[in-house]
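User: I am new to this structure and would like to be walked through it step by step. Please take my questions one at a time.

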Amino acid sequence: MPRRTSSPYGALLEAYAAGFLKDIRAAIDVIKATERRYPNDSALPAYRAQLALLLNDREQVREAIDKSLALDPSEPTALEARAHYRAGVESDLDGALSDLEAALKVAPGSTSIWNSIGNVHSARGDMRAAEAALKKAIALDPIDPVSHGNLAILYLDQSRVEEAKREIDLALAADPTFDVALVARGRYHMQTGELDKAVDDLLAGTVSNPSYAQGQVLLAAAHYEKGDRVPSDQALDNADRLDDNDPVISSFRTAVAIDDYDSEGAIRNAQEFLRRAKARGGHFGSLSANQDAGSTLNNAFRLQGLNAWGEYYGDAVFDPFAGSGYVDQTVRGSVNPFANSYAHGGNVVTNGQNSLSYSSFIQGLLLDPHMLSGRSRSANLIRRPFFEGSLGGGFTQANGDTGYVAEGEVQSFSNLPFPISFYGNVEWETDFDQRPSTLFGFPADLDTEGRLLRGNGYLTASPSPNDRFVAYANHSGSDSDLYASIFGFPVASVKETSEQTNVGVGWSHTIGFENVINAAVFYSAQDADSFNTFTGITAKSSQETYVAAVSHSIGMDDLTWRYGVEGGWIDTRAQAWSGGAPAVPDPDEEATYGRVYVDLLHEITPDLKAEYALFGTFLDGDDDDVARLEPRVGIAWAPSDQHWLRAAYSRQSLSVNTPTLSPVGVLGLQPNEISTGLDGYVDTVALRWDAEWTQDFFTSAEFQHQEIEEPRIAIPLSAARSRLRRSDRSRQRDREPAPRPRFRPVLDARLFHLRERGPDLANLWRALALRAGLGGAGGADLGQRGQCLGDARRQLCRRTRQRHGRCTRRLLDARRQPHLGAVRQAFRARTRGL
């Protein structure tokens, strides 16, 4: 030990030596003795606070900080110590950042302050600011291994593996035994697919610092990725013993339980994850602040089929800047209030995907493009390169007829030259169905035969840390035959074919923290043909939609603004022939479509939220002009952590067949979807009460009151007469003698419907309604749900009833394993305090 010192600075050196030769408490004793000799020195209690933090002596930390700041309110070491306390103990990230910025004004050249600023920004999710702060720390002290190690981990969070490797090498060159750098190199090897090297480095890092709990978590992940479950469980248990308050450990166990289809284990660990996360208080104290916890709970409960319980957590923790929140919206959907499907299995009780679900999915990909693909053989704890394919097939039997199913799938992820993900699948299917009915008052049999071929392709990339790219293409083609027979004799048949193609390209750019701009171009094409042998009517229809969209989301403290504009044009064509004569003299129509919107999310308090939105929609077509303002407003209140009350009003109308970048729903509430005509709209008042009474008992009650203007509701297997609204010009022509019956197509909210003109065309309308009802979209609305006229897929494909259903379900199934989940969060809390 050095001799007795004669200055405060000398006392600090003596304390430093005591800490190495004895222990931290000995160092604190040295500083306490020196404080009595120099009672007016503000630095001594500040350094004592830093040492007390290492012992988790919270009372002494607060006392020492208060004493130092009382002597000098601008003491940088005391401000830095209080920032560590606020961030690490109270989880007050904003307060910690404020203290560090105040300390920086006094000591702008402090490497440790810049390093701490980088850690706090990383915990807040502001990766751009975190990178800048860590680079500043490195510029001030290029041989400091701590800043290099933290920057390496930041790069690994963003899958920037080459840049991470450079920082790891610099850190280990400065200190070959630095535990954080060794653990970071182990994670680097995991993310490059070198699992054996990863385990070696992680073992070295945890030996270098046996108390490093996050290193044990990563070691458990490396063993798990190799398939070594026993050492993985042992390392995770070690991490839990070192830090039994760490929510990351529970998140890890939840992901593994979900992959093992252990529903009870998944739910219990997910609930423990939330309990630990909220126990941190501060920034994480309320349910709404725990986005990862909510998504984890959503996945765990859905595994057991407890969808309403999962919806509650997905809605409560929605974050407009997190891709997982939008995927929660995708799987949430809404109820279809009409039991009007020709196919078996319709459900008007539980939520299903609606026409806006795919929009939520695309919005989620723009924020987190690499959740697109995931390995199927294990939980995706760390995102690492892979290439995976699968083939499947089977057959079905229906009344002696055999149907076949075949499918293939390919997905991959690569870190180089920058993160790129790919997903593609192809499916082919034939299906048969038979059921009794009546025709002309006689018992009849209806036999259907359908063939379906569809494919999906997605490519996503992150060419820079702040730019994301998404491209997709979907194509489906189907043809179906329906035969009606009386007493075994065929009397009528309806033959239909349809094709649909969807293509989109999107780009997302992060301007700054909670400041994101998205842009996309979408294209959709639909074609359908049908022939009714009973009536002799042939119908052809097509539609092409082109839409460009731009949106901007920006957070301002408790306010989040989302606004944008989208527009394009829609070309439609519909024609029917009876006896070889066309029924529509002018079958082509073009319309211009546009929408502007502004949406405000307002977090009034952690337990009280509101959302206000105003949409402006217009359509300028050959026959119809629509211009409408559509307000939306909602409020949500959590009187306790176990109850959540919501109320919302919204008006919705025109929707096209391409995705939208505009917000979906109000505070998580999505109106039941009802198709309307051009001038129609749906006013919805929704109320919902979610209550988690115990960890085993949950109730949810939702009420919706909807007022519908000009509904278009399908009536399958019905040829009832339908009186359609007439335009003013139609009424004028009704007063004049009409030379012959005429039809003219006009754009509908989904696709188009036939509007009656001139005298009553009952017979022709009945024939078309019969064709539509038997074949697909249904009676009065031949384009309902965005399908072409008579798209047989919704009726004949039992295995999926949503246009992008199979692909979306597979993508969501990959996401059910929280990729990066445990380990990413672990390293965001990594070396705070170093």
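Analyst: A term to begin with: pLDDT is the predictor's confidence in each residue, on a scale from 0 to 100. The model is a predicted one, in which local features need pLDDT of at least 70 and side-chain atom pairs count only at pLDDT 80 or more, while totals for chains, interfaces and linings use all residues. Residues are numbered from 1 along each chain as its sequence is written, and side-chain values use heavy atoms, with hydrogens and water left out.

User: What pLDDT does the protein average?

Analyst: Of the residues, 81% score at least 70. Over residues 717–834, however, the pLDDT is below 50, although this stretch has 372 contacts in the model beyond near neighbours in sequence (contact means heavy atoms within 4.5 Å). For the protein, the average pLDDT is 80.

User: At roughly what angle do the axes of helix 8 and helix 9 cross?

Analyst: Helices (H or I, at least four residues) and strands (E, at least two) are DSSP runs, numbered from the N terminus. Axes are lines fitted to C-alpha atoms, for helices over the stretch in contact, and angles run from 0 to 180 degrees between N-to-C directions. The axes of helix 8 (residues 127–140) and helix 9 (residues 145–157) come within 9 Å, and they cross at roughly 155°.

User: Why is helix 8 described as roughly antiparallel to helix 9, and what is the handedness of their crossing?

Analyst: The crossing at roughly 155° makes helix 8 roughly antiparallel to helix 9, because angles over 145 degrees count as roughly antiparallel, those under 35 as roughly parallel, 65 to 115 as roughly perpendicular and the rest as oblique. A crossing is left-handed if the near helix is turned anticlockwise from the far one by less than a right angle, and right-handed if clockwise. For helix 8 and helix 9, the crossing is left-handed.

User: How do the residues of the contact of helix 8 with helix 9 divide by class?

Analyst: Among the residues that meet are Leu 134 and Ile 138 in helix 8, and Leu 151 and Leu 154 in helix 9. Ala, Val, Leu, Ile, Met, Phe, Trp, Tyr, Cys and Pro count as nonpolar, Asp, Glu, Lys and Arg as charged, and the others, Gly among them, as polar. The residues of this contact divide into eight nonpolar, three polar and two charged.

User: How far apart are the axes of helix 3 and helix 4?

Analyst: Helix 3 (residues 43–54) packs with helix 4 (residues 58–71) at an angle of about 160°, which makes helix 3 roughly antiparallel to helix 4. The crossing of these two helices is left-handed, and the contact includes Ala 49 and Leu 53 of helix 3 together with Val 61 and Ile 65 of helix 4. The axes of helix 3 and helix 4 are 8 Å apart.

User: How many bridges join strand 15 to strand 16?

Analyst: Two strands pair if DSSP finds at least two bridges between them. Strand 15 (residues 676–694) pairs with strand 14 (residues 643–652) in the antiparallel sense over 10 bridges, and strand 15 also forms a hairpin with strand 16, with two residues between them. Strand 15 and strand 16 (residues 697–711) run antiparallel, and the bridges that join them number 14.

User: Which residue in strand 14 is the bridge partner of Ala 636?

Analyst: Strand 13 and strand 14 form a hairpin with two residues between them, and they pair in the antiparallel sense over seven bridges. In strand 14, the bridge partner of Ala 636 is Arg 646.
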